[in-house]
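Please look over the chain below, both as a sequence and as a fold. The paragraphs that follow lead through its parts in turn.

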Amino acid sequence: MAEFSMELNEDQRTLQEWVHGFSENVIRPAAHEWDEREETPWPIIEEAAKIGIYSIDFLASAFGDPTGLSMMIALEELAWGDAGICMALMGSSLAVAGIMSNGTPEQQIEWIPQCYGTPGDLKLGAFGVSEPDAGSDVSALRTRAVYDEAKDEWVLNGTKTWITNGGIANTHVIVASVDPELGSRGHASFIVPEGTPGIRMGQKFQKMGIRASHTAEVILDDCRVPGKCLLGGKEKLDERLARVREGKRAQSQAAMATFEATRPAVGAQALGIARAAYEWALDYAKERKQFGRAIIENQAIAFKLSDMKVRVDASRLLVWRASWMAATRKPFLNGEGSMSKLYASETAVDVTNDAIQILGGYGYVRENPVERWHRDSKIYTIFEGTSEIQRLVIARSISGIHIK
Ligand SMILES: Cc1cc2nc3c(=O)[nH]c(=O)nc-3n(C[C@H](O)[C@H](O)[C@H](O)COP(=O)(O)OP(=O)(O)OC[C@H]3O[C@@H](n4cnc5c(N)ncnc54)[C@H](O)[C@@H]3O)c2cc1C
């Protein structure tokens, strides 16, 4: 019988301390500045690249942990420092995930390093799915990819929106329709390499939170990429489309499973924000005196902190469970990936809100980071599937009914 333990192993503890140190000493002190500047924090990314956190090796070794926990631990610590900077460091991994899930081994070797670069020559990746009329409903996307056989090139046209690192990335991974009649089963992913004509940044968005992470439209206007930029290759695409046209189900279940497996990583970041806010509020409540006693001596405050701590720890358990299930290839029979993202993100919104309440006026001003943490937390209930979409996934999984 396998031994059960909830203790981290030595490698995981070392990783946690190392990432926490970087977060505490480099990320957190810089967080306010980059939130105000609303720009990609290049000097911080450079620091992270120098010590190996912004690198393919880091991603590979953290995701390579057979228990599934290492990446969750690292993301919690990074987001504890600052969620916007964490997103600036992790945005390229979205492109890597797109290449990993659809690319051939040769494509992975060629393109993944181009999403990161090296210290002194940093690169960014971006993953573009969402469009103005296709957010939760990805099947509605309109960006078209048409094959020009004579030149062995794909021609991409369309507008992507809300894209992390959009337009400033060196490598864009773009999801486009090759056969609009087939809905999401007619989609394919394309690499748009650095310097390709026909791709440009549209509007850069000014956001409520995670403002150190760049978010913009990406406009594709007769953007031509070589045939080799179709992830997975043409032969595989043709076979897949033929199967769909014959009425056989094609891979949509596999795609859903991939999504489910990446959701704990989003939950882990929300958890990092929630923990930061809880810790800050706890310290403050012990220090702040009103009516001649520390405010924590009032049940109204102490009970709030109790509830915050319970939710932070419950979020971590859900995130770790889902990530462990994904790493050990256990099927998500009840939408466990969605559960972790849903619970951790809503916890982050509520806990940061409670932290502001505990700090009173001091929580509402920029002198303290809790107002920023509250602003940052909200995005986690929206991107990578809104809370409503997570509930839909869970509801369908537990009921077996196609709930709308
Ligand atoms: C900062 C930021 C970064 C992002 N980064 C990326 C990125 O890198 N790449 C990328 O491709 N996308 C990215 N996105 C897009 C993000 O994934 C979408 O915003 C998200 O999927 C929601 O889509 P939407 O905004 O169009 O909302 P909509 O889909 O229009 O939803 C609006 C509301 O309707 C609800 N709703 C929709 N359908 C249903 C339903 N069936 N049942 C119940 N309720 C429903 C939603 O839950 C939501 O409350 C990013 C977004 C932001 C804000």
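**A walk through the model**

D152 is exposed, because 11 other C-beta atoms lie within 10 Å. The term has cut-offs: a residue is buried if 20 or more other C-beta atoms lie within 10 Å of its own, exposed if 12 or fewer, and partly exposed in between, with C-beta atoms placed from the backbone. D152 sits in the loop between β4 (144-148) and β5. Helices (H or I, at least four residues) and strands (E, at least two) are DSSP runs, numbered from the N terminus. Although D152 is not a glycine, its phi is positive, about 50°.

This is a predicted model, in which local features need pLDDT of at least 70 and side-chain atom pairs count only at pLDDT 80 or more, while totals for chains, interfaces and linings use all residues. Residues are numbered from 1 along each chain as its sequence is written.

R329 also has a positive phi, of about 55°, although it is not a glycine. R329 is found in the loop between α9 (299-327) and α10 (336-359). With 8 other C-beta atoms within 10 Å, R329 is exposed.

Next comes the division of the chain. The protein chain is split into domain 1 (10-122), domain 2 (125-245) and domain 3 (252-399); these bounds come from an automatic or database domain assignment. The centres of domain 2 and domain 3, taken over C-alpha atoms, are separated by 31 Å. Between these two domains, 6 residues of domain 2 are in contact with 7 residues of domain 3. Two residues are in contact if their C-beta atoms, placed from the backbone, lie within 7 Å. The side of domain 2 that touches domain 3 has 2 nonpolar, 3 polar and 1 charged residues. In this classification, Ala, Val, Leu, Ile, Met, Phe, Trp, Tyr, Cys and Pro count as nonpolar, Asp, Glu, Lys and Arg as charged, and the others, Gly among them, as polar.

Where does the ligand lie? Domain 2 (125-245) and domain 3 (252-399) both give residues to the shell around the ligand, so it lies between them. There are 20 residues around the ligand, and G135, S136, T164, T386 and E388 come nearest. A residue is near a molecule or strand if its C-beta atom, placed from the backbone, lies within 6 Å of it. At least two residues of the shell come from each of β3 (125-128), β5 (153-164) and α13 (387-399). By class, the shell has 10 nonpolar, 7 polar and 3 charged residues.

Two of these elements can be followed through one residue each. G158 lies in strand β5. G158 is buried, because 22 other C-beta atoms lie within 10 Å. Leaving aside neighbours within four places in sequence, G158 is in contact with E131, R142, T143, R144, A176 and L220. G158 and D221 are 63 residues apart in sequence, but 6.8 Å apart in space, C-alpha to C-alpha. I394 has its place in helix α13. I394 is partly exposed, with 19 other C-beta atoms within 10 Å. Apart from neighbours within four places in sequence, the contacts of I394 are N334, G335, S338 and M339. From I394 to S338 the C-alpha distance is 6.7 Å, although 56 residues separate them in sequence.

In α2 (residues 42-51), the buried residues are I44, I45, A48 and A49. They cover an arc of only 140° around the axis, so they are on the same side of α2; the arc is that of the directions from the helix axis to the C-beta atoms. W42 and P43 are exposed on the other side of α2. The buried residues of α2 pack against α1 (10-37), α5 (83-102) and β2 (121-122). After α2 comes G52, whose phi is positive, near 100°.

Helix α3 (residues 56-64) has F58, L59 and A62 buried. These cover an arc of only 95° around the axis, which puts them on the same side of α3. The face turned away from the buried side of α3 carries the exposed residues D57, A60 and G64. The buried residues of α3 pack against α4 (69-81) and α5.
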